[in-house]
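We will go from stop to stop, with a note on what to pick next.

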Amino acid sequence: MITQEQIPAVLEHPVYDAEGSKIGDANHVFFDDATGRPEWVSIKTGFFGTNESFVPIREAVIVEEHLEVPYAKGMVKDAPNVDVDSGGHLSESEEVRLYEYYGIAWDDAWQQANQPGGEGWAHSGTAGTAGAAGAMGTDTGTGTGTPEDEAMTRSEEHMHVGAERYETGRARLRKYVVTEEVQQTVPLRHEEVRVVREPITDANVGDAMSGAEISEAEHEVTLHAERPVVETETVPVERVRLSTEEVTEEETVTGQVRKERIAADIEDDEEGRPRR
């Protein structure tokens, strides 16, 4: 069982379950008003420790620099939300709810605590009330033998803004085929007929006199031309891939925080002068 002397080693330290999973950080320790024994520990859980869950501290142990409780992380986080009044006390009904959630029989615990030499969950006539040990280990409860502090503690809420990553969309590469018209100029050759007349000379007179003197004849020439022939071939031209880059933008976040204010009310005496 955790003793009062060990409380400073508990507050603001990590709390783990029996499987070694971190639940959160210990925020307050609540004592029984009648016996002064540590009874509950509140654990800051959730995003930036904005939630607070209660767990019995009776069977907790200090291991190295953290507190270990015999309850699973999920069970502690799902524990009932309870209200603590301005005096740092749990109401009896709230404490009963916590007992029932953790499977601790209220009547059995009370009887065990009140047996001679009992080391169970001790309660006075106002069962369930408990003083809270703050972050510095100071006891704000009553009935534990600690003198009451005449000073007030002023507290305020601080806003912590973080960032969470979420999905905004998807991008994909899709390859498809389109047909485009391409124009290209190519030179083409063709043959044309041209009539060539040669005079009779000593060099060609023999060919000219080899035929009949007067006759009909035909001579045919085959003409040629070039026409365009289109062929296509597939060649790789580039590689395309998707990549992402992070862009940082500043955004102003507005929230509300509560702050306590302390004012002194001074009564005047019968002559209208402030009392001292």
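Here is the tour, from the whole chain down to single residues.

**Before you start**

This is a predicted model, in which local features need pLDDT of at least 70 and side-chain atom pairs count only at pLDDT 80 or more, while totals for chains, interfaces and linings use all residues. Residues are numbered from 1 along each chain as its sequence is written, and side-chain values use heavy atoms, with hydrogens and water left out.

**Stop 1: the whole chain**

Colour by secondary structure and you will find four helices and seven strands; helices (H or I, at least four residues) and strands (E, at least two) are DSSP runs numbered from the N terminus. In sequence order the pattern reads β-β-β-β-β-β-α-α-α-β-α.

Of the 276 residues, 24% are buried (buried is under 20% relative accessible area, exposed over 50%, partly exposed in between; 1.4 Å probe, protein chains only). Among contacts (heavy atoms within 4.5 Å) with a separation of 6 or more, 57% join residues 24 or more positions apart.

**Stop 2: Asp17**

Select Asp17, in the loop between strand S1 (14–16) and strand S2 (22–32).

**Stop 3**

Next pick Glu12, in the segment before S1. Glu12 is not a glycine, but its phi is positive, about 60°. Glu12 is partly exposed, at 38% relative accessibility.

Then jump to Glu64, in the loop between strand S5 (61–63) and strand S6 (66–68). Glu64 also has a positive phi, near 55°, and is exposed, with a relative accessible area of 74%.

**Stop 3: salt bridges**

The whole structure holds eight salt bridges. Start with Arg97 and Glu94, whose closest N and O atoms are 2.9 Å apart. These two are three residues apart in helix H2 (residues 92–101), so about one helical turn separates them. Arg97 is partly exposed at 36%, whereas Glu94 is buried at 11%.

Now select Arg258 and Glu157, a bridge with closest N and O atoms 2.8 Å apart. Arg258 lies in the segment after H4 and Glu157 in the loop between strand S7 (130–133) and H4, so the pair ties together parts that are 101 residues apart in sequence. Arg258 is exposed at 61%; Glu157 is partly exposed at 31%.

**Stop 4: a nonpolar patch**

Finish with Met159, Val161, Val253 and Val257, which make a nonpolar surface patch of about 320 Å². Patches take residues with over 30% relative accessible area and no salt bridge, joining like charges within 9 Å and nonpolar side chains (Val, Leu, Ile, Met, Phe, Trp, Tyr) within 5 Å. Val257 sits in the segment after helix H4 (205–208) and is partly exposed, at 37% relative accessible area.

Technical notes. Areas by Shrake-Rupley, 256 points an atom, 1.4 Å probe, with all protein chains shown as cover. Salt bridge = Lys/Arg side-chain N within 4 Å of Asp/Glu carboxyl O.
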